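These are my notes from one sitting with the coordinates.

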Amino acid sequence: MSVKTILHELEGCTDSALLNDWHVVAYSTELEQGRLLPVTLMERDLVLWRSDSGEVHAWDDLCIHRGARLSKGCIDRDTVVCPYHGWRYNDQGNCVLIPAAPNEQPMKKARTITHPVRERYGFVWVSTGTPEKDIPVFPEWEDTSYQKVHCGPYTFRSGYRAVENFMDPSHFPFVHAGVNGIYDNPDPIAPYDVELTEEGLVTSEVRVTQPYGDPREIPVIAYYAYKCLRPLVAYFKKRLVIQNPEDQHKGNEDDRFCTFLTTQMVDQQTSIVRICCAMNFNPQPTVEDVRRRQDIVYEQDAGIVDTQRPERIPVDLRQELHHRSDLLGQKYRKWLQTMGITYGVF
Amino acid sequence: MSSEGSAVSSRLAVVTARQDAGLNICLLTLQAEDGAPLPPATPGAHIDVHLPDGRSRQYSLLSSAPYRIAIKALRDGRGASQWLYDNLAVDDLVRISAPRNNFSLREGATDTVLLAGGIGVTALLCMYDTLSAIGRTVSLHYWARSQEETFLHAELSGKEGIHIHSCGGRATSMAAVMAGHGPAADLYCCGPERMLTEFAILTRDRDPQRVHIERFEADSTGAFPQTDHGFTVKLARTGTTIAVSKNQSILEALIQAGINLEYSCEEGLCGACEARVIEGDPLHRDSVRTPLEHNKRRTIMLCVSRVRSSDTLVLDL
Ligand code: FES
Ligand code: FES
Ligand SMILES: [Fe+2]
């Protein structure tokens with residue numbers, strides 16, 4: 001068997017729309033120098049590490065020699081040392097030493113399998129194909145009036161169902177009763193528009209009542225504008241209007257709370273959600289307050305989303321029963337279908 | 001879309017007074033040409049006003065003896081209101097229809113709430129006057145864009161039970177107003193489509209007998225015409241022609257013909273079966289979008305929409 005065939009067997013996903021896209025597989029902060037971090041992206045095992053140059057590298061977690069896991073090895077003098085026969089690879093992925101023949105120049109084919117990798121918005125993005133587009137834009141990242149707080153990771157089964165849930169305001173009163181909605185008085189969802197643009201799917205504002213809609217813990221009317229930027233990356237910006245006159249001083253008209261959500265599909269039934277929240281409140285809430293609240297909300301979400309069957313999301317709308325209030329979800333599924341995505345879908 | 005004026009019941013009327021009643025709004029008084037009384041009308045009624053070029057447009061009667069109507073120059077593309085606003089002067093003759101009422105008032109109601117948006121207030125003012133005159137509890141909430149665009153601002157703002165929500169800032173929401181009125185209240189709404197949609201959502205759980213909507217926009221005259229008939233659908237991309245029988249939806253006929261389509265609810269509620277219309281005059285019956293929006297986007301929902309005439313509908317499929 002040639003190397004190629006082995007790799008082919010190890011490969012889970014063959015959809016070009018997913019392979020040729022960027023996927024978040026870690027937070028930047030997880031990659032301290034000297035650490036080998038194993039991650040799995042769509043069933044493909046990768047190892048991440050940061051070389052002395054400060055750059056992050058993403059390789060197949062596999063030594064070309066006899067297929068041992070590089071992540072079980074170590075980093076020594078800016079090279080990755082395979083745990084099995086000690087072959088050493090430099091930050092270009094070239095083998096620089098075969099300890100069994102220390103004076104020989106390793107063969108040219110002695111290279112790791114490297115992948116494009118970028119750090120952006122505090123996340124590590126990898127592609128196991130040839131990325132066709134740049135990483136999607138998170139507009140508030142550069143805006144210093146917004147405080148940024150990374151939260152998660154949160155584990156979900158279906159990555160698509162997690163993304164769809166993120167963009168679904170009609171579950172708030174039930175899944176997040178008392179926090180993002182009112183159980184006994186759910187908001188009717190007024191018609192909203194969804195447009196397919198260059199950026200992805202973009203909605204008009206959706207209005208909901210939130211008894212405790214942001215870290216300030218006061219009742220607000222929230223207007224969500226969603227964007228589904230990639231099959232597994234979504235975003236919302238919500239505009240907040242404080243409900244009680246006596247709370248007005250706790251905020252102002254320009255108050256916004258945004259979330260940039262990324263999903264790493266480990267396999268078809270396991271996903272890791274990582275988010276970055278951005279807010280421009282005055283005063284800004286503490287990082288702990290933001291995280292505490294996000295942890296509650298995403299745990300509530302996973303509790304329900306993980307019960308949805310089949311785990312693989314049906315993209316044929318005939319398979320489940322939709323309502324106009326689910327318009328964004330419908331368009332999302334349709335979009336996945338048009339992109340020819342089969343991995344993790346039904 | 002323009003109502004076919006029935007020549008029989010139409011008559012000429014004279015404009016006997018014209019008054020400015022707000023920004024781009026005029027108030028007209030109409031009387032029969034021969035001075036005889038015009039046919040009586042109940043609160044909520046409207047008349048069609050015919051333009052010389054054959055178009056017509058509906059206006060609510062603010063009072064019926066004499067007839068008074070308000071015209072707002074809407075700059076709405078059709079331009080009928082604009083034309084009337086620009087051209088009608090005292091002593092001019094206009095052709096009008098007999099009054100009709102799809103929006104009649106329950107005078108026996110114990111609590112009546114009238115919700116008006118913009119010029120839609122004209123459909124409700126006559127109701128307000130009638131109920132106040134007989135001593136019933138009535139409130140009129142009127143949302144206007146600004147004070148100068150408010151119809152008869154000076155006159156209305158002093159009246160008991162009339163609340164004008166106009167001057168910028170955070171206006172009271174319709175939901176907040178409705179929260180103050182229990183299930184026994186009769187609610188009437190007339191205003192732009194957006195407002196009617198919100199009203200429909202907010203009143204979903206109320207007794208339908210107590211919820212009344214008046215669409216005053218050009219093409220909605222109330223209930224769906226119940227004229228089901230068979231027709232033909234042509235698929236532009238393949239050139240296929242498919243017959244839709246009287247008892248079948250377009251969606252059913254297309255599926256039967258082996259066409260692969262998206263759909264989910266089959267009741268006009270989800271929006272999954274939306275298709276683009278290239279030619280034909282569709283009759284919309286879904287609650288995903290308003291007919292106006294559909295016509296603007298040239299879309300239909302295949303599961304419930306039909307065709308107005310027995311014409312062919314050409315779809316972008
Ligand atoms: S109510 Fe939506 S999945 Fe059950
Ligand atoms: S199938 Fe749901 S609107 Fe037609
Ligand atoms: Fe949620």
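**Helix α1 of chain B**

I looked up which residues of helix α1 (residues 80-87) of chain B are buried, and they are A80(B), S81(B), Q82(B), L84(B) and Y85(B). Buried here means under 20% relative accessible area, exposed means over 50%, and partly exposed lies in between (1.4 Å probe, protein chains only). Helices (H or I, at least four residues) and strands (E, at least two) are DSSP runs, numbered from the N terminus. The cover over the buried residues of α1(B) includes β1 (11-20), β2 (25-32), β3 (46-50), β4 (56-60) and β6 (67-72) of chain B.

I note that this is a predicted model, in which local features need pLDDT of at least 70, side-chain atom pairs count only at pLDDT 80 or more, and totals for chains, interfaces and linings use all residues. Residues are numbered from 1 along each chain as its sequence is written, chains are lettered from A and ligands numbered from 1 in the order in which they are written, and side-chain values use heavy atoms, with hydrogens and water left out.

For chain B as a whole I find seven helices and 19 strands. Of its 317 residues, 49% count as buried. I also checked contacts (heavy atoms within 4.5 Å). Among those in chain B between residues at least 6 apart in sequence, 61% join residues at least 24 apart.

Chains A and B bury about 1600 Å² between them, with 48% of it on carbon and sulfur atoms. On the chain A side, P188(A), R318(A) and R324(A) lose the most area to chain B, together 37% of what that side buries. The contact takes 20 residues from chain A and 20 residues from chain B.

Next I searched the interface for salt bridges (a side-chain nitrogen of Lys or Arg within 4 Å of a carboxyl oxygen of Asp or Glu). The rule finds one across the interface of chain A and chain B. K334(A) forms a salt bridge with E262(B), and the closest N and O atoms are 3.1 Å apart. Helix α6 (residues 327-338) of chain A gives the most to the side of chain A that touches chain B, with four residues.

I then counted polar contacts: pairs of N or O atoms within 3.5 Å, where within protein one must be able to donate a hydrogen and the other to accept it, and residues adjacent in sequence count only if both atoms are side-chain atoms. Across the interface of chain A and chain B there are twelve residue pairs in polar contact (both at pLDDT 80 or more).

**Aromatic rings**

Rings of Phe, Tyr and Trp (its six-membered ring) pair if their centres lie within 6.5 Å; planes under 30 degrees apart count as stacked, over 60 as edge-to-face and the rest as tilted. My search of the whole structure finds 20 aromatic pairs over all chains. The rings of W49(A) and W59(A) have centres 5.5 Å apart and planes at 75 degrees, so I list the pair as edge-to-face. W49(A) is in strand β3 (residues 44-50) and W59(A) in strand β4 (residues 56-60) of chain A, ten residues apart. W49(A) counts as buried at 0% relative accessibility, and W59(A) counts as buried at 1%.

W125(A) and F260(A) also form an edge-to-face pair, at 6.2 Å centre to centre and 65 degrees between the planes. That pair links strand β11 (residues 123-126) to strand β18 (residues 256-267) of chain A, across 135 residues. One aromatic cluster includes W125(A) and F260(A), along with Y27(A) and Y235(A) among others.

I tested for charges over rings (NZ of Lys or CZ of Arg within 6 Å of the ring centre and within 35 degrees of the ring normal). R274(A) lies over the face of Y27(A), at 5.5 Å from the ring centre. The charged end of R239(A) sits over the ring of Y223(A), 4.1 Å from its centre.

**Loop and backbone entries**

I looked up E311(A) in the loop between α5 (287-305) and α6 of chain A. E311(A) counts as buried at 18% relative accessibility. A polar contact of 2.7 Å joins the side chains of E311(A) and R157(A). In the loop between α5 and α6 of chain A I also place P310(A), joined to R309(A) by a cis peptide bond with omega about -10 degrees.

M42(A) has a positive phi of about 50 degrees although it is not a glycine, and M42(A) counts as buried at 3% relative accessibility. D91(B), also not a glycine, has phi near 80 degrees, but D91(B) counts as exposed at 61% relative accessibility.

Methods: Buried area = accessible area lost by both parts, 1.4 Å probe.
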